[in-house]
Amino acid sequence: MSRPLGLGPIPGDQSFTGSKPLVVRQAASLFVGCFVAVIMVTMGIGVLIHPGETVGSGNAFIDRWFFGILIVPALWSVDRFLLRPRVRVDAAGVEFHNPMQTIVANWPAVVSAGFDSHVRLVLGNGDYVRSILFGPGLSSPMTQRTRPDELAHVINVEAARRSGRQHDPQAAYEAEELVGGSNPAPRPTGPGAELRPAHGLVNLAGYAIGWTVACIVAARLATR
């Protein structure tokens, strides 16, 4: 079943052995991100066509660059916090693509998945990690509660299958005792997740270079 942009249905019986990965994104985040990006691009075009005047500059490039530089951090923020976040599930494990960090949990590290305003994994070492992907609490009514629950179910079923057990929905959150409570269980020594920085500085530089080139071209056209 086609899932363009990671927004389609979440199949409850998908096996990840030699199959395509499951990518899940937040519809509300994509909608808001695209809307803000269109506004920023429109603002940038307006500045390129009719820039303000920087006091004492007399330079068509500087007038455009300084008046429109706001779109660079704005587009970078949209890129990082609205368009990037996603959850990827494949034959290797589960990846949380958060704004500033990618969290990689291979299947041996995944004990269970759940939802508590964010999609969360309980790991074999007793820790837990969260995805920025959230449910209806921050995006209702564009995202139904069933969506993060379906994603957690898929992860739980695959984690159970790979560990040689049957997934029991009633016992899905027993591992939560490992990370909380007044009398927590002894912490196990199983595998954990790999945390990879993803600051998007290359993207930020790309937006800055793109804006600079656009200002140069617009300034030359305006001075002809």
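Modeller: P85 counts as buried because its relative accessibility is 6%; buried means under 20% relative accessible area, exposed over 50%, and partly exposed in between, with a 1.4 Å probe and protein chains only. Before we go on, please keep in mind that this is a predicted model, in which local features need pLDDT of at least 70 and side-chain atom pairs count only at pLDDT 80 or more, while totals for chains, interfaces and linings use all residues. Residues are numbered from 1 along each chain as its sequence is written, and side-chain values use heavy atoms, with hydrogens and water left out.

Where is P85? You will find P85 in the loop that joins helix 3 (71-83) to strand 2 (86-89). Helices (H or I, at least four residues) and strands (E, at least two) are DSSP runs, numbered from the N terminus. Setting aside residues up to four places away in sequence, P85 touches R25, R80, H97, P99 and I132, where a contact means heavy atoms within 4.5 Å. V24 is 61 residues from P85 in sequence, but their C-alpha atoms are 9.0 Å apart in space.

Now step back into helix 3, where D79 has its place. D79 is buried as well, because its relative accessible area is 12%. Beyond residues up to four places away in sequence, D79 touches R84, N203 and Y207.

Next, look for aromatic rings. The whole structure holds two aromatic pairs. In one of them, the ring centres of W76 and F81 are 6.4 Å apart and the planes stand at 85°, so this pair is edge-to-face. The rule is that rings of Phe, Tyr and Trp (its six-membered ring) pair if their centres lie within 6.5 Å; planes under 30 degrees apart are stacked, over 60 edge-to-face, and the rest tilted. W76 is buried because its relative accessibility is 15%, whereas F81, at 43%, counts as partly exposed. W65 and F66 make an edge-to-face pair too, since their ring centres are 5.2 Å apart and their planes meet at 85°. Here W65 is partly exposed at 24% relative accessibility, and F66 is exposed with a relative accessible area of 52%.

Four bridges link strand 6 (residues 118-123) to strand 7 (residues 128-134). L121 stands opposite V129 in strand 7, and R120 has R130 as its bridge partner there. In a regular strand, side chains alternate between the two faces of the sheet. Strands 6 and 7 make a hairpin with four residues between them, and G126 in the turn has a positive phi of about 95°. R120 also lies over the face of Y128, at 4.3 Å from the ring centre; a charge sits over a ring if NZ of Lys or CZ of Arg is within 6 Å of the ring centre and within 35 degrees of the ring normal.

L151 lies in helix 5 and is buried because its relative accessibility is 0%. Neighbours within four places aside, L151 is in contact with I10, L22, V24, V87, V89, V119 and L133. L22 is 129 residues away along the chain, with 9.3 Å between the two C-alpha atoms.

Finally, zoom out. The protein chain has six helices and eight strands, and 39% of its 224 residues count as buried. Among contacts with a separation of 6 or more, 60% join residues 24 or more positions apart.

Note on methods: Two strands pair if DSSP finds at least two bridges between them.
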